[in-house]
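Biologist: Please bring the model up on screen. I have a list of questions to work through.

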Amino acid sequence: MDNSKAKNWNERALSQGHTGWGNSSIYNYDQPSRIHSILKIIDSLPFPINGFSILDFGCGTGDFSSALAKLGAKVTGIDISDVVIGKAQQVYGNKDNITFEISSDSFFIKNPEMFDIVMSITVMQHLDDFELKKTLGQIYEVTSPGSYLLVLEMVRGAKNFDDNTSPIPRGHDDWLREFGNFGFELIKTSSYPQWAITILSNLARSVRPKQKSGAFGNLRAKPSTLRKIVTRVVLMTCFPLDRVLKKSTPVALAPYNIFLLRRPLGE
């Protein structure tokens, strides 16, 4: 990625402490659900990951990396933002089985290790076609036959109502085609409890792009009071489904899909 993207993510990290949702209410609501969903998928694998080598591509402040390290995996977290890498090292860097470093082409060139699992959470959706192909090629080179690729990304049809983010619109089939071009085979597509996010995404999509006011208009501007109220009402209303019952939103409705893929054994 170019330096301008690193600068943008650094600025975001400095302003809010992480590179996740710009709205702190949404971030604090959604992040635990995502972590729980990833751990649930990891737990569904036919073997424990204790001792596995895992690459967290675009690790942010290291929340997912730490969750997997607690299960006994050896985790390497990389991110283009040196600001969040610094925060991850400060919070989680004292663990023996987790390391963090700034993502670069040299990481893949110099790294001799083959990872059993590569995980990426809402990172590839920000890569253009050239960057995505380059990234998947690099990931392929650091995996061996039988290795897993675990990805959570936005799918087309959902509009990101968050401020200051601009995902590249790709749908379920688009993602599978990109993964398949590099030999990764789909094991399953799943969702996670994201009823609030689904409703908020539909609200954002219903607003015409040129609209400059209203609860969800002008998405890059400072959220209006009405928008903040609507967001919190939706979060509170959906809390029982998302955070208490942990009832996953159907894949066909969910703005985010989770893809579990594997590099074929016969290669």
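Biologist: Which residue forms a salt bridge with Arg-34?
Modeller: In this predicted model, a salt bridge is a side-chain nitrogen of Lys or Arg within 4 Å of a carboxyl oxygen of Asp or Glu. The closest N and O atoms here are 2.7 Å apart. The partner of Arg-34 is Asp-30.

Biologist: What pLDDT do local features need?
Modeller: Residues are numbered from 1 along each chain as its sequence is written, and side-chain values use heavy atoms, without hydrogens or water. As this is a predicted model, totals for chains, interfaces and linings use all residues, side-chain atom pairs count only at pLDDT 80 or more, and local features need pLDDT of at least 70.

Biologist: How far apart along helix H2 are Arg-34 and Asp-30, in helical turns?
Modeller: Helices are DSSP runs (H or I, at least four residues), numbered from the N terminus, as are strands (E, at least two). The two residues are four apart in H2, so their separation is about one helical turn.

Biologist: Are Arg-34 and Asp-30 buried or exposed?
Modeller: Buried means under 20% relative accessible area, exposed over 50%, and partly exposed in between (1.4 Å probe, protein chains only). By that rule, both Arg-34 and Asp-30 are buried.

Biologist: How many residues are in the largest nonpolar core?
Modeller: A nonpolar core is a set of buried Ala, Val, Leu, Ile, Met, Phe, Trp, Tyr and Cys residues joined through side-chain atoms within 4.5 Å. Ile-38, Ile-42, Ile-49, Ile-54 and Ile-117 touch the most other members. Helix H2 gives the largest share, seven residues. The core's total is 41.

Biologist: Which residues does Ile-49 contact, leaving aside neighbours within four places in sequence?
Modeller: Contact means heavy atoms within 4.5 Å. The partners are Ile-42, Ile-54, Leu-68, Leu-71, Gly-72, Ala-73 and Ile-117.

Biologist: Which helices and strands do the buried residues of H4 pack against?
Modeller: Helix H4 spans residues 82-92, and its buried residues are Val-83, Val-84, Ile-85, Ala-88 and Tyr-92. They pack against helix H1, helix H3, strand S2 and strand S3.

Biologist: Over which residues does pLDDT stay under 50?
Modeller: pLDDT is the predictor's confidence in each residue, from 0 to 100. Its mean over the protein is 89, and 88% of residues reach 70 or more. Where pLDDT is low, the predicted coordinates should not be read in detail. The stretch under 50 is residues 210-221.
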